[in-house]
Every structure is written in structure tokens, then in C-alpha cells.
Amino acid sequence: MRLALLLLLLAAPHVAGQATDTTARIPARLSLLDAIRLGRSRGVTETLAQLNARIADARNGERRAELLPNISASADVSRRRLNFDEFGFPGVSGVGDPFNLFAFQVRGSQTVFDAAALARLRAGRDTAAAASLDARAVGEVAGANAASLYLRVLGLEETVRARED
């Protein structure tokens, strides 16, 4: 929960800046369709729902990573000197000349079957799909609210005009 809140707080300035850049400017003469589009793209709840969908997709990627191969590598170089008396070889004694020792290691592992990871992946996909549909539904509601407010303003303008005449 805290991770989701942190991701939300970190991504909010980026998404807020992105929303103003990608959407059209508010026209001088606003039509009903423009009001719906602006309500869908610039609504706070719609933006938060889109962030939740992006977070769900990112979590799904993390769950998918559990099933991918794990590969690691290391390298080591060291300068060594051997004391032959430690090994007890017959006829060989003393300390050998210094030499370089190069060591390279590569490790790899692959999960063959992890039922719990597969279940988490399926649940993550369902959660991401639900978050995406939720974002779409919230956008529709925001557009409908913007259209309702637009029509209300038009009605009030007509009322003012009728009273002025």
C-alpha cells in the first residue's frame, strides 16, 4: 500500500505535466464535444485512475519477472604466490614465483514450475485489466459530468438572455 502511494506521488507531477502537453488547449468557443473531451482527459479522478492502471501494469511486470531466468556473473583477478611446503609434494619445496589468477564464474537458474507464481501472474493480469476498465469508466463519468455542466451553463446563459429581453 505504501509502495503504491509512493509511486503515485512520484508519478503525479510527470503525468500532470504530460496531460497538459498532450491534450488540446481550451478553445475560445467550447462545444459540447470539446467539454466531454476535456472532462475525460483532464479530470482529477480520471488521471488518478490512469495512474492506478499504470501501477497495476508495473506490478504485473514484477510478477512476470519471477518466472524469468536468473543469470549472474562475476570475475576476479588476484596475484598469488604458492608455498609448496604446505601441499607436501615430495621433492618440491620453497615458495614459487608470483603469478596471476583469473577466475570467471557464470551462474544461471530457471524456475521450472512455480504454481504460486503463476497464480500471482494471473491475478496480476486480472487486476491490471480491472484497473484499466476502471480508468475507462471513470473517464466516461468525468466526460458525462463535464457534458452535464456544459449543458447547465448553456441553460443558465439562455435564462439570463431571456430575462434581459
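Gly43 lies in the loop that separates helix 2 (32-42) from helix 3 (44-65). In this predicted model, Gly43 counts as buried because its relative accessibility is 15%, under the 20% limit.

**Overall architecture**

- The chain contains five helices and two strands, arranged along the sequence in the pattern α-α-α-β-α-β-α.
- Of the 165 residues in the chain, 18% are buried.
- Among contacts between residues at least 6 apart in sequence, 66% join residues at least 24 apart.
- The chain exposes about 12,600 Å², and carbon and sulfur atoms supply 59% of that area.

**Helix 3**

- Helix 3 is built from 22 residues, and the distance from its first C-alpha to its last is 32 Å.
- That span is close to the 32 Å expected at 1.5 Å a residue.
- The buried residues of helix 3 are Glu46, Thr47, Ala49, Leu51, Ala53, Ile55, Ala56 and Asn60.

- Ser78 belongs to strand 1 and counts as buried, because its relative accessibility is 18%.
- The side chain of Ser78 makes a polar contact with the side chain of Arg80, at 3.3 Å.
- Apart from neighbours within four places in sequence, Ser78 is in contact with Phe99, Asn100 and Leu101.
- Phe99 and Leu101 are also members of a nonpolar surface patch, together with Leu82, Phe87, Phe89 and Val92.
- The accessible area of this patch is about 520 Å² in total.
- Leu82, one of the patch residues, is located in the loop between strand 1 (70-80) and helix 4 (84-87).
- Leu82 counts as partly exposed because its relative accessibility is 33%, which falls between the 20% and 50% limits.

**Salt bridges**

- Side chains of opposite charge can pair when their charged atoms come close.
- The count of salt bridges in the model is three.
- Arg40 forms a salt bridge with Glu140, with the closest N and O atoms 2.8 Å apart.
- This pair links distant parts of the chain, since Arg40 is in helix 2 and Glu140 is in helix 5 (residues 115-164), 100 residues apart.
- Both partners are partly exposed: Arg40 has a relative accessible area of 36%, and Glu140 has a relative accessibility of 40%.
- Glu66 and Arg120 are joined through their side chains in a salt bridge with an N to O distance of 2.7 Å.
- This second pair also links distant parts of the chain, with Glu66 in the loop between helix 3 and strand 1 and Arg120 in helix 5, 54 residues apart.
- Glu66 is partly exposed, with a relative accessible area of 37%, and Arg120 likewise counts as partly exposed, at 36% relative accessibility.
- The side chains of Glu158 and Arg161 form a salt bridge with an N to O distance of 2.5 Å.
- Glu158 and Arg161 are separated by about one helical turn, because they are three residues apart in helix 5.
- Glu158 counts as partly exposed at 46% relative accessibility, as does Arg161 at 44%.

Notes: Residues numbered from 1 in each chain as written. Predicted model: local features only at pLDDT ≥ 70, side-chain atom pairs only at ≥ 80, totals over all residues. Heavy atoms only, no water. Helix = DSSP H or I, 4+ residues; strand = E, 2+ residues; numbered from the N terminus. Buried < 20%, exposed > 50% of the residue type's maximum accessible area, 1.4 Å probe, protein only. Contact = heavy atoms within 4.5 Å. Areas by Shrake-Rupley, 256 points an atom, 1.4 Å probe, with all protein chains shown as cover. Patch = residues over 30% accessible without salt bridge, like charges linked within 9 Å, V, L, I, M, F, W, Y side chains within 5 Å. Salt bridge = Lys/Arg side-chain N within 4 Å of Asp/Glu carboxyl O. Expected span 1.5 Å × (residues − 1). Polar contact = N/O pair within 3.5 Å; in protein donor to acceptor, adjacent residues only side chain to side chain.
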